[in-house]
Amino acid sequence: MRLEEIKDILHGTVLTSDLDLSLEVDTVLASDGMSEILAFHTPGALMVTGLTNIQSVRTAYIADVRAIVYIRGKLPNEKLIALARDKNIVVMATEFGMFDVCGILREHNMKGAM
Amino acid sequence: MTVYSEELFKRVFTVYGHNFDTAGETSTEIKSILKGLEIDSDIIRRALVVAFEAEMNVVMYANIGTVSFVITDEAIDIEVADEGPGIPDIEQAMQEGFSTASDEMREKGFGFGMGLPNIKKNSDVLKIESDVGKGTKLLARIRLDSNA
């Protein structure tokens, strides 16, 4: 599924607007535990998390994550967005919680990495 | 760890404990170094997981530490030495789910008892020495010809 479509189904807001939303992802890493993201490393995956600190982007970069969805309406700060942009990681935010985000993505045939 | 093979690259990074703003920067830099080399992507991934988890352990628990990153013609060696509280029971600390992390660490997404198990899983050789009250030394080797 293209990142642009993911943004639409999650009623999301893209925070790195200058990055490519035509990229495809088919696997989801959903966790607030950064070691879990690393343990189930899947290159090119979509990371779903409620953790909006700078380590979420550093973890995503190490884990070759293509895009991050921040849940529950949490908005990361500008420093995080700048780092994500620098590492070419698309960042978006949604008002949905973890359960709903995962449910919606699964309904659209996305698969879990864990 | 004694390195008998030829050392092709070496860099030593200082990691400051309890500084979450810069936590992960060393591993991010190591990734930039590795990306430019002709090394199998799975080997790179494993080295980065080891480096990142070990770096976060220094940030979370120690006052200061060093990450020594060495590439030889046979392996990637990551040696992390810190000045910190040490690990009283290494065997227990290696068990998945065991953690002495504070709530603050968990709120930052770490300290769920997966760090050392992740390091072990991604290393071909792992040696940990710890002196309670003084610090911990971790030596991890990822062989370039391995594919775990």
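## Model and confidence

Chain B averages a pLDDT of 93, and 96% of its residues score at least 70. The model is predicted. For the complex, the predictor gives an ipTM of 0.89 and a pTM of 0.92.

## Helix 1 against helix 2 in chain B

Two packed helices are described by the angle between their axes and the distance between the axes. In chain B, helix 1 (residues 25-35) packs on helix 2 (residues 41-61) at an angle of about 160°, and their axes are 9 Å apart. Angles over 145 degrees count as roughly antiparallel, so helix 1 of chain B is roughly antiparallel to helix 2 of chain B. Their crossing is right-handed.

Which residues of helix 1 of chain B meet helix 2 of chain B? They are Thr26(B), Ser27(B), Ile30(B), Lys31(B) and Leu34(B). Facing them in helix 2 of chain B are Ile44(B), Ala47(B), Leu48(B), Ala51(B), Phe52(B) and Glu55(B). By class, this contact of helix 1 with helix 2 of chain B has seven nonpolar, two polar and two charged residues.

## Helix 2 against helix 5 in chain B

Helix 2 of chain B also packs with helix 5 (residues 115-122) of chain B. Their axes come within 9 Å and cross at roughly 150°. Helix 2 and helix 5 of chain B are therefore roughly antiparallel to each other. The crossing of helix 2 of chain B with helix 5 of chain B is left-handed.

Helix 2 of chain B brings Arg46(B), Val49(B), Val50(B), Glu53(B), Ala54(B), Met56(B) and Asn57(B) to this contact. Helix 5 of chain B brings Gly115(B), Asn118(B), Ile119(B) and Asn122(B). By class, the contact of helix 2 with helix 5 of chain B has five nonpolar, four polar and two charged residues.

## Strand pairing in chain B

Strands of a sheet pair through backbone hydrogen bonds, either parallel or antiparallel. Strand 5 (residues 135-143) of chain B runs antiparallel to strand 3 (residues 75-83) of chain B, and nine bridges join them. Ile78(B) has Ala140(B) in strand 5 of chain B as its bridge partner.

Strand 5 of chain B also pairs with strand 4 (residues 125-131) of chain B, in the antiparallel sense, over seven bridges. Here Val125(B) stands opposite Arg141(B) of strand 5. Strands 4 and 5 of chain B form a hairpin with three residues between them. In that turn, Gly133(B) has a positive phi of about 90°.

## The sheet of chain A

Strand 2 (residues 27-30) and strand 3 (residues 46-49) of chain A pair in the parallel sense. Three bridges link these two strands of chain A. The bridge partner of Val28(A) in strand 3 of chain A is Leu46(A).

## Where the chains meet

How many residues of chain A are in contact with chain B? There are 16 residues of chain A, in contact with 19 residues of chain B. Helix 2 (34-39) and helix 3 (54-62) of chain A each supply at least two residues of the side that touches chain B. Helix 3 of chain A gives the most to that side, with six residues. By class, the residues of the side of chain A that touches chain B divide into seven nonpolar, six polar and three charged.

Terms used:
Residues are numbered from 1 along each chain as its sequence is written. Chains are lettered from A and ligands numbered from 1 in the order in which they are written. This is a predicted model: local features need pLDDT of at least 70, side-chain atom pairs count only at pLDDT 80 or more; totals for chains, interfaces and linings use all residues. Axes are lines fitted to C-alpha atoms, for helices over the stretch in contact, and angles run from 0 to 180 degrees between N-to-C directions. Helices (H or I, at least four residues) and strands (E, at least two) are DSSP runs, numbered from the N terminus. Angles under 35 degrees count as roughly parallel, over 145 as roughly antiparallel, 65 to 115 as roughly perpendicular and the rest as oblique. A crossing is left-handed if the near helix is turned anticlockwise from the far one by less than a right angle, and right-handed if clockwise. Two residues are in contact if their C-beta atoms, placed from the backbone, lie within 7 Å. Ala, Val, Leu, Ile, Met, Phe, Trp, Tyr, Cys and Pro count as nonpolar, Asp, Glu, Lys and Arg as charged, and the others, Gly among them, as polar. Two strands pair if DSSP finds at least two bridges between them. pLDDT is the predictor's confidence in each residue, from 0 to 100.
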